[in-house]
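Here's a quick walk through this model, from charged pairs to a pocket. Keep the viewer open as you read.

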Amino acid sequence: MARKKNQSKKNSTVRHLIAKLNPRSPVSEQYRTVRTNLQFASVDEELRSILVTSAGPTDGKSMTTANLAVVYAQQGKKVLLIDADLRKPTVHYTFRLDNLKGLSNVLVGESTLETATNNSEVDNLDIISSGPIPPNPSELLASKRMEQLLSDAKVTYDLIIFDTPPTLAVTDAQVLANIVDGSLLVIRSKQTELEAAIKAKEALEPAKAKLLGTVLNDREKDKSNNYYYYYGNN
Ligand SMILES: Nc1ncnc2c1ncn2[C@@H]1O[C@H](COP(=O)(O)OP(=O)(O)O)[C@@H](O)[C@H]1O
Ligand SMILES: [Mg+2]
């Protein structure tokens with residue numbers, strides 16, 4: 001996804017969802033292209049659950065997840081976005097939720113799927129924010145309750161999409177990759193080291209989920225070519 005020059009890379013609390021605010025922009029078009037390519041990447045089976053991850057922090061996982069969730073919802077799919085980054089959650093900032101209740105509460109049995117789910121301002125898109133940060137995220141994400149939550153969510157939603165922490169720091173994304181249908185790896189131009197990206201890919205490969213492909217985020221806009229996204233199979 002292209003980024004305007006001089007734009008702050010900081011993980012600020014003000015976050016704009018381009019696919020919602022400006023659905024006709026070329027960047028929103030790129031998210032729709034990622035959506036289409038995901039459909040191509042899984043022709044034989046319908047994708048019901050996917051996770052988005054990357055090697056390191058600030059590669060653009062949360063931005064990609066949120067915008068993808070929006071373009072799927074705009075397509076008429078009933079979508080649930082779950083913030084499974086129980087370490088540095090940001091989904092509640094993007095969707096302006098209080099995050100008093102969320103995934104962590106469901107995973108410890110304090111809340112139900114229904115009570116933890118928020119409506120978003122986007123039709124067809126519901127959100128579960130992280131909830132309070134727990135001391136043991138990997139353990140919670142590997143729990144039976146997590147599997148139960150996913151299968152319960154599938155009754156109501158066409159697609160469940162997870163935001164996750166970086167793969168190189170912690171195992172949370174790998175753990176989740178064992179229960180979702182597919183994973184998507186974000187690589188940030190001029191930031192993600194090649195070696196780190198390869199390690200991230202290797203970390204996801206043993207998981208049950210199919211590695212659906214990669215998204216190159218923040219590529220300099222190429223004047224000669226409008227199609228400046230890149231999407232590759234592994
Ligand atoms: N292509 C881009 N253009 C502009 N800002 C971006 C882009 N990708 C990421 N950012 C910004 O970089 C920061 C980190 O992105 P984020 O999606 O939160 O990363 P991660 O979830 O991988 O840590 C955020 O402030 C986000 O708005
Ligand atoms: Mg994030």
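A salt bridge here is a side-chain nitrogen of Lys or Arg within 4 Å of a carboxyl oxygen of Asp or Glu. One of them joins the side chains of Lys201 and Glu205, at 2.9 Å from N to O. The structure holds eight salt bridges, and the table shows some of them.

This is a predicted model, so local features need pLDDT of at least 70 and side-chain atom pairs count only at pLDDT 80 or more, while totals for chains, interfaces and linings use all residues. Residues are numbered from 1 along each chain as its sequence is written, chains are lettered from A and ligands numbered from 1 in the order in which they are written, and side-chain values use heavy atoms, with hydrogens and water left out.

| Salt bridge | N to O distance |
|---|---|
| Arg32 and Glu29 | 2.8 Å |
| Glu147 and Lys144 | 3.7 Å |
| Lys201 and Glu205 | 2.9 Å |

Arg32 and Glu29 sit three residues apart in helix α2 (residues 26-41), about one turn of the helix. Glu147 and Lys144 are also three residues apart, about one turn, in helix α8 (residues 144-156). Helices (H or I, at least four residues) and strands (E, at least two) are DSSP runs, numbered from the N terminus; the chain has 10 helices and eight strands.

How open are these side chains? Buried means under 20% relative accessible area, exposed over 50%, and partly exposed in between (1.4 Å probe, protein chains only). Lys144 is exposed because its relative accessible area is 66%, whereas Glu147 is partly exposed at 40%. Glu29 is partly exposed at 38%, as are Lys201 at 26% and Glu205 at 43%.

Of the chain's 234 residues, 54% count as buried. Ser111, at 11% relative accessibility, counts as buried. Ser111 lies in the loop between α5 (103-107) and α6 (113-116). Leaving out residues up to four places away in sequence, Ser111 touches Lys101, Asn105, Val106 and Ala116, with contact meaning heavy atoms within 4.5 Å. Among contacts in the chain between residues at least 6 apart in sequence, 78% join residues at least 24 apart.

Now the second largest pocket. A pocket is an open set of points on a 1 Å grid over the protein atoms alone, where a 1.4 Å probe fits, with protein on both sides within 12 Å along at least five of seven lines; lining residues have an atom within 4 Å of a point. The lining includes Arg15, His16, Phe95 and Glu121.
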